[in-house]
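Please look over the sequence and the structure before reading on. The paragraphs below go through pockets, then a helix, then single residues.

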Amino acid sequence: MLGLDDGSDAAASPRTDLVTLRDADEADAKDLIAVHAAAFPTDAEAKLVAELLDGYDVLFSIAAECDGRIVGHALLTGMTHEDGGSVRGLVGLAPIAVHPDFQGRGIGKALVREAIRQCKANRVTALFVLGEPGYYGPMGFQPASEQGLTSEFDAGDAFQVIQFRPDRPAPAGRVSYAPAFNNLAH
């Protein structure tokens, strides 16, 4: 359990919400999709989560739960390298969402840290994310371009990576998310 600050004035409200991070399962699918639908301005991410949960290489699905309610979610799927996928252990962190009623409390960062922990524990080679460098950088992500890595999305420094295996880093080249991600670009 994590005690997360709700961002309110402590004098006005000393309450801290307790959030549990746990592995999500099939029974959570509807609630996970609802979090993404609420967190984004369109339903594209919610549709992506539904599609990924229904048949793609989901490696980790992490739910953040508060008082029995799923309030956040991080999905990690396998990625492929341009050489046909022979590079093992490439993982994409996406999508990640926190319900708007619970944003600003550290839940998103807790989900990212748990994703990193699970990747390390499972000897993942590299974890990729497409997001704000100022948010992800302090958690260990670096621009993937600095390591000669690109993706199908023209994202500049927003496409970032953590290399977990310095002895066998992901080789330079293009890496790709699951095909379902291509629907987001349109």
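How do the residues of the lining of the largest pocket divide into nonpolar, polar and charged? They divide into 20 nonpolar, four polar and three charged, where Ala, Val, Leu, Ile, Met, Phe, Trp, Tyr, Cys and Pro count as nonpolar, Asp, Glu, Lys and Arg as charged, and the others, Gly among them, as polar. The model is predicted, so local features need pLDDT of at least 70 and side-chain atom pairs count only at pLDDT 80 or more, while totals for chains, interfaces and linings use all residues. Residues are numbered from 1 along each chain as its sequence is written, and side-chain values use heavy atoms, with hydrogens and water left out.

The protein chain has four helices and 11 strands; these are DSSP runs numbered from the N terminus, helices being H or I with at least four residues and strands E with at least two. Of its 186 residues, 44% count as buried, meaning under 20% relative accessible area, with exposed set at over 50% and partly exposed in between (1.4 Å probe, protein chains only). Among contacts with a separation of 6 or more, 63% join residues 24 or more positions apart, a contact being heavy atoms within 4.5 Å.

The largest pocket has a volume of about 510 Å³. A pocket here is an open set of points on a 1 Å grid over the protein atoms alone, where a 1.4 Å probe fits, with protein on both sides within 12 Å along at least five of seven lines; lining residues have an atom within 4 Å of a point. Grid points are joined across faces, edges and corners, and the volume is the space filled by probe spheres set on the points. Of the 27 lining residues, F40, A94, P95, I96 and L130 lie nearest the centre of the largest pocket. Two or more lining residues come from each of α2, β6, α3, β7 (126-130) and α4 (133-136), with β6 giving the largest share, six residues. P95 lies in strand β6, and the peptide bond from A94 to P95 is cis, with omega near -15°.

The second largest pocket, of about 280 Å³, is lined by 15 residues, and D57, L59, R88, G89 and L90 lie nearest its centre. Its lining has seven nonpolar, six polar and two charged residues.

Helix α1 (residues 29-39) has L32, V35 and H36 as its buried residues. They lie on the same side of α1 because they cover an arc of only 95° around the axis, taken from the directions from the helix axis to the C-beta atoms. An α-helix has 3.6 residues a turn, so residues three or four places apart point the same way. The cover over the buried residues of α1 includes α2 (44-53), β3 (58-66), β4 (69-78) and β6 (90-98).

Helix α3 (residues 107-121) contains E114, which counts as buried because its relative accessibility is 16%. Leaving aside neighbours within four places in sequence, E114 is in contact with L21 and I62.

Two loop residues remain. Most residues other than glycine have a negative phi. D67, in the loop between β3 and β4, has a positive phi near 50° and is exposed, with a relative accessible area of 68%. R123, in the loop between α3 and β7, has a positive phi near 55° and is exposed at 54%.
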